[in-house]
Amino acid sequence: FKLITSKPVLQMVADVVDLTPAADAEELESLNPAIRYLKRVRGNLKLIKTAVKGWIKQFMPEKPAAEGQVSASDPADRRYRDILSRVSVTPIEETRIMEISVLDTDPERTRDIANAVAKKYIEFDLSTKLKSSTDKLEWMTNELYSVKKKLEDSEKDFIDFKQEQKMFSMEGRQNV
């Protein structure tokens, strides 16, 4: 069940689900003073965090960025982390069934995310199995070709040996 919340699956979910906040949710947040207060506190904490990071960076030597490393500001990575924070998967005991739970303010978007997670996991699982089968088939084909080539070479060597030793089978003498 860890595969359901894996990065490839949730990135496929992020591509099909709209995660922009609903207008109703924004209105509710603007009306509720506690939510407004928490937003301001969160914003101030982000500013403090940025300032402290900048101050610490003055004293740290700069490291070159590793190739292939995804930056934290990558939009796809942010959408993945956003969905990951909303989705939880729990197995139902003594079954092979998984319960997908989604936390969101919009019930329709919650439903859409849960359904998309299930569908994209199924697609991911099928594509993984298909790729595995294709790889196995390709390997078996290569092995078959190799064994066939060895057999043909061995048969040729055997015929050459028989001719060298002037050995004929009964069938061979009849043909001659």
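Visitor: Which residue of β2 stands opposite Val87?

Guide: In this predicted model, Val87 stands opposite Val102 of β2. A second pair is Val89, whose bridge partner in β2 is Ile100. There are five bridges between β1 and β2, and the two strands run antiparallel.

Visitor: What do β1 and β2 form, and how many residues lie between them?

Guide: They form a hairpin, and six residues lie between the strands. Glu94 is found in this loop between β1 and β2.

Visitor: How should I read the phi angle of Glu94?

Guide: Start with the general idea. Most residues other than glycine have a negative phi. Here, Glu94 has a positive phi, near 60 degrees, and it is not a glycine.

Visitor: Is Glu94 buried or exposed?

Guide: The relative accessibility of Glu94 is 85%, so this residue counts as exposed.

Visitor: How much of the chain counts as buried?

Guide: The chain has 176 residues, and 15% of them count as buried. As for contacts with a separation of 6 or more, 60% are between residues 24 or more positions apart.

Visitor: How do I read a nonpolar core, and which residues touch the most other members here?

Guide: The general idea comes before the case. In soluble globular proteins, nonpolar side chains tend to be buried together. In this model the largest nonpolar core has 15 residues, and those touching the most other members are Leu10, Val13, Val17, Ile83, Val87, Ile113 and Val117. Two or more residues each come from α1 (7-16), α4 (75-86), β1 (87-91) and α5 (107-164). Of the elements, α5 gives the most, with four residues.

Visitor: What is Leu10 in contact with, beyond its neighbours within four places in sequence?

Guide: Leu10 is in contact with Ile4, Thr5, Tyr80, Ile83, Leu84 and Val117, once those neighbours are left aside. Ile83 and Val117 are also among the core residues that touch the most other members.

Visitor: Is Arg86 buried or exposed?

Guide: Arg86 has a relative accessible area of 14%, and the cut-off for buried is under 20%, so Arg86 is buried. This residue is placed in helix α4. With the neighbours within four places set aside, its contacts are Leu19, Ser101, Val102, Leu103, Asp104, Arg109 and Ile113. Val102 in that list is the residue opposite Val87.

Visitor: How is a pocket read, and how much space lies in the second largest pocket?

Guide: Again, the general idea is first. Rolling a probe the size of a water molecule over the atoms shows where empty space is left. The second largest pocket here holds about 220 Å³ of space.

Visitor: Which residues line the second largest pocket?

Guide: Its lining consists of Phe1, Ile4, Arg96, Met98, Ile100, Val117, Ala118, Tyr121 and Ile122. Two elements give two or more residues to this lining, β2 (98-102) and α5. The most come from α5, with four residues.

Notes:
Residues numbered from 1 in each chain as written. Predicted model: local features only at pLDDT ≥ 70, side-chain atom pairs only at ≥ 80, totals over all residues. Heavy atoms only, no water. Core = buried A, V, L, I, M, F, W, Y, C linked by side-chain atoms within 4.5 Å. Buried < 20%, exposed > 50% of the residue type's maximum accessible area, 1.4 Å probe, protein only. Contact = heavy atoms within 4.5 Å. 1 Å grid on protein atoms, 1.4 Å probe; cavity = no way out; pocket = protein on both sides within 12 Å on 5 of 7 lines; lining within 4 Å. Points joined across faces, edges and corners; volume = space filled by probe spheres on them. Pairing = 2+ DSSP bridges.
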